[in-house]
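The sequence and structure are shown first, and the description follows.

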Amino acid sequence: MILHGIKNIMRNTARSISIILILSVSIGLALIMFLSYKAINEKISNIKSSIGNTITITPAGSQGFEGGGNPITETQVNEIKNLPNIVQVTETLLATVNPGSENNLKSPIKAGTLGKRFVRFQGYNNPNFSPSVPIVITGISNESTITGEGISLTSGKLFNPSSNSNVGIIGTNIASSNNLKAGDTFKLYNTTITVSGVINMGTRFANDGIYLPISTLQNISGQQNDISTATITVNSITNVNSVISQINSKLGSNNIDITSSQATVSSAIAPLESIKNVSLYSLIGSLIAGSVIILLIMIMTVRERKKEIGVLKAIGASNFAITMEFVSESLTLTIIGAILGIIIGILLANPVLSTLVNTSTNTSIQSSFQGTGISSRGVNPGGPIVPSGRRGIVFNIGRGASRFISSITGASTTKILSSFKDIHTIINFYILLYGVLAALIITILGSVIPVLLISKVSPAEIIRGE
Amino acid sequence: MIKIDNITKKFKSGDSTVKALDNVSFSINKGDFVSIIGKSGSGKTTLLALMGALEKPTEGSIVVDGEDITKMSDSKLIKYRRDKIGFIFQQYNLIPNLTALENVMLPMEFAGVKIKDRINRAKDLLNKVGIDSTKQKRKPSRLSGGEQQRVSIARALGNRPSLILADEPTGNLDSTTGKSIITLLNKLSKSNNTTIIIVTHDINMTKYTDITFKITDGKLSLAKSKKDKSVLS
Ligand SMILES: Nc1ncnc2c1ncn2[C@@H]1O[C@H](COP(=O)(O)OP(=O)(O)O)[C@@H](O)[C@H]1O
Ligand SMILES: [Mg+2]
C-alpha cells in the first residue's frame with residue numbers, strides 16, 4: 001500500500017509539484033527559524049553566562065566623572081574580595097589629564113562647537129578661546145577590560161595589569177595624533193610612560209583613551225588606594241543576588257552603588273530575545289502552514305477518491321492499509337518538499353539570521369546609546385562637576401563620555417552588541433534530521449482529520465451509489 | 001454452507017423507516033451458482049451488502065462456514081471480507097491508476113501474499129478469464145467494459161474466496177458480452193466449486209444458474225431450482 005501511495009503522486013503531477021514547492025518553502029522557513037532560534041538562544045546563554053554574572057561597584061552617587069562623593073578604596077575592595085562565590089574582582093580607576101608640559105600629549109579630540117559653547121557657558125567668555133580637551137586615562141587591574149570581542153591590539157603587546165611599571169596601552173586615535181608606536185615614550189603627571197601597545201577598542205571615544213596598570217595610575221596621579229569602579233565576577237548567575245547583599249552588608253549601601261550586569265545584559269539582549277520569539281513563532285507558523293496545506297490536500301484527495309476507498313474496503317482492505325496509502329502519499333510529497341526545504345534552509349539560514357539580528361540590533365545600539373546619554377544627564381542635571389585638585393578641569397565630553405563610562409561601568413553593552421555581529425547558525429548533519437522531523441510533524445498534524453474521514457467511508461453506500 | 005435466518009434490514013430516512021429486507025431466510029450449499037432477480041429498489045444490493053459484511057442486519061443471523069458474521073468483531077470482519085468474499089460490481093470499480101495486473105494483485109497484497117506469488121497468481125487468473133499479457137499491463141481506462149469486468153472477476157478470485165458476490169455484473173454490458181461473463185462465472189463455479197451469487201434484473205441471466213430467487217419489496221421467494229433442492233427454510 002505504501003508503494004501505491006507513492007505512485008499516487010503521479011496521478012496529478014501538476015498538483016503534486018505545486019504542493020512540493022509550497023511545502024519546501026514552509027519547511028525551509030521552519031528550518032531557518034529553528035536554526036536561528038537555536039543560534040540566538042545559544043548566544044543569549046553565552047552572553048548571560050559570560051557577562052551576566054558580574055556586579056559593578058561604584059562610589060555612591062557617582063558615575064564615571066559625574067556626581068560627587070568619595071571614591072571607593074582598595075581597602076574596601078579587599079574586604080569583599082574573599083566573599084564566597086566571587087571568582088574575580090576587576091578594578092578600574094579613571095583619571096583625566098589636560099595636555100601640557102606635565103603631559104606631553106595632544107588630545108585627539110577637537111572641542112568643536114559643542115565643546116566651545118560649553119566652555120563659554122562655564123565662564124571662559126572668550127570666543128577665541130580654543131580649549132584643549134582632556135585625555136581620559138583608565139587604570140586597569142585585569143586584562144578583561146581591554147580584551148574581548150570587538151577589541152584588538154593593533155601593535156605591541158598587553159602589559160601585566162598587576163604590575164606597577166610605567167607602561168601603557170594607547171588608543172589608536174591617541175597613537176595617530178601623537179605619532180606614537182609601541183616602544184615610544186610619553187609623559188603623564190611628569191612621569192615617562194613607555195607605549196607597550198596600541199589598541200583598537202572598537203568605539204571612537206575609547207580609542208581616544210590611555211590604559212595603564214591600576215597601580216601605576218594610582219602612583220603617578222597620587223590616588224593611592226582609590227578605585228573608581230570594581231567589577232566583580234560571580235561564579236554563577238544564581239549567586240549574583242546573594243553576593244550583592246553580602247557586599248551591601250560589608251560596605252554599607254550608603255557608601256557604594258551596586259549595579260548588577262543582569263539588568264544591562266537583559267536590556268542589551270532584549271532585541272535578541274525578541275528575534276528569538278519571532279523565530280519561534282515563525283517556526284510554529286510555518287509548521288502549521290505546512291500542516292494545513294497537507295490537511296487540505298488530503299481532505300481533497302480523500303473526497304475525490306471516496307469511491308475508491310469504499311471499493312478497497314469492500315475487497316478486504318483495512319482502514320490502516322488505506323490510511324497508510326494516503327499517509328505515504330503525503331509523506332512522500334512532504335519528504336521531497338523537505339529535501340528542497342533543507343537546501344533552502346542551508347542556503348538562507350545565515351543570511352536571514354544576520355539580517356534579522358542586524359536590523360533589530362542596529363536600532364537597539366542607537367537607542368541604547370541614546371538611553372545611556374539621557375540617563376546620565378538625568379543623574380547630573382546641573383552639568384559637570386569640577387572636582388578640586390589634581391584632576392584639573394573636567395569637561396563634560398558629552399554623550400561620548402557617558403557612552404564610555406557606561407561601557408566600562410556597566411557590563412559593556414558595546415561588547416555585547418558587537419558580539420551579535422558574529423552570530424551564526426550551525427549547519428551540520430542534524431539539519432537533515434530536523435528537516436525530516438519537520439516533514440513528519442507536518443504529515444502527522446495534516447493527516448489526523450483525513451484519517452478520520454477515511455474510516456467514516458461506508459463501503460455499502462459506495463456500492464449502492466452505482 | 002450459507003444459512004440466512006430471518007434477516008430484516010431497516011433504513012431510517014427522515015421520519016419514516018424503509019424495510020429494505022423483510023424477514024428473509026434461505027440456505028445454499030458450497031458450489032451453488034445462485035441468481036437473485038428483482039426490480040430496482042427491491043433490496044438486492046442490500047442483501048449482498050449484508051452477506052459481504054459491509055453492513056449489519058437489523059435482525060437475524062447470517063452463518064457462513066459455521067460462523068455468524070453478524071456477531072463478528074471489526075477486525076475479524078476485515079479478514080472475512082478479504083479471505084472469504086469476492087466482490088464483483090456493476091461498475092467494475094477497478095482502481096484507475098493501477099494496471100489490470102496490479103488490480104488483481106491488490107486483495108492478495110492485503111492478505112500479505114508474497115510479491116512473487118502475487119504476480120504469478122494474478123497472471124494465471126487473468127489468463128484464465130481471457131486477458132492476455134499485453135492487456136494485463138494496461139490501465140482500466142484502456143480496456144473495454146467486458147475486459148474490465150473480466151479483470152474484476154480475476155480480482156475477486158485472488159484469495160480463493162468461498163463466496164463470490166456479483167451485483168448486476170452484466171448491467172453495463174451488451175447482451176453478448178454479458179452472456180460471456182455469465183458463462184465465465186458458471187465455468188468458475190463448476191471448476192473451483194466456488195459458491196457464486198449474482199444479482200440481476202435480467203431474467204435471461206437466470207437460465208445459467210442452478211437456483212434462482214425472486215425478491216420483491218424486500219421479500220424473498222424461490223423462483224426455480226435445477227437441482228430440486230429445498231432451499232427455503
Ligand atoms: N442508506 C439507505 N437509507 C435509506 N434507504 C435505503 C438506504 N439504502 C437502501 N435504501 C432503500 O432500500 C431499498 C433497497 O435498496 P437496494 O438494496 O439498493 O435495492 P436494489 O439493489 O434492489 O436496487 C430501496 O428502497 C432503497 O431506497
Ligand atoms: Mg442495487
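## Salt bridges and polar contacts between the chains

In this predicted model, 2 salt bridges are counted between chain B and chain A. In one salt bridge, Lys7(A) pairs with Glu102(B), and the closest N and O atoms are 2.3 Å apart. The count of residue pairs in polar contact between chain B and chain A, both at pLDDT 80 or more, is 8.

On the side of chain B that touches chain A, the elements giving two or more residues are α1 (44-51), α2 (74-83) and α3 (100-110) of chain B. The largest share of that side, 5 residues, is supplied by α3(B). Classified by type, the side of chain B that touches chain A consists of 12 nonpolar, 6 polar and 7 charged residues.

## Extent of the interface

The size of an interface is often expressed as the accessible area lost when the parts come together. Between chain B and chain A, about 2,200 Å² is buried, with 61% given by carbon and sulfur atoms. Within chain B, the residues losing the most area to chain A are Leu54(B), Asn97(B) and Phe110(B), which together account for 24% of what that side buries. The contact involves 20 residues from chain A and 25 residues from chain B.

## A helix crossing within chain A

In chain A, helix α10 (residues 270-304) and helix α15 (residues 430-456) have axes that come within 8 Å and cross at roughly 35 degrees. The crossing of α10(A) and α15(A) is right-handed.

Residues of α10(A) in this contact include Leu287(A), Ile294(A) and Val302(A), while those of α15(A) include Ala438(A), Leu445(A) and Ile454(A). The residues of the contact of α10(A) with α15(A) comprise 14 nonpolar, 4 polar and no charged.

Terms used
Residues are numbered from 1 along each chain as its sequence is written. Chains are lettered from A and ligands numbered from 1 in the order in which they are written. This is a predicted model: local features need pLDDT of at least 70, side-chain atom pairs count only at pLDDT 80 or more; totals for chains, interfaces and linings use all residues. Side-chain values use heavy atoms; hydrogens and water are left out. Axes are lines fitted to C-alpha atoms, for helices over the stretch in contact, and angles run from 0 to 180 degrees between N-to-C directions. Helices (H or I, at least four residues) and strands (E, at least two) are DSSP runs, numbered from the N terminus. A crossing is left-handed if the near helix is turned anticlockwise from the far one by less than a right angle, and right-handed if clockwise. Contact means heavy atoms within 4.5 Å. Ala, Val, Leu, Ile, Met, Phe, Trp, Tyr, Cys and Pro count as nonpolar, Asp, Glu, Lys and Arg as charged, and the others, Gly among them, as polar. Buried area is the accessible area (1.4 Å probe) that two parts lose on being put together, summed over both. A salt bridge is a side-chain nitrogen of Lys or Arg within 4 Å of a carboxyl oxygen of Asp or Glu. A polar contact is a pair of N or O atoms within 3.5 Å; within protein, one must be able to donate a hydrogen and the other to accept it, and residues adjacent in sequence count only if both atoms are side-chain atoms.
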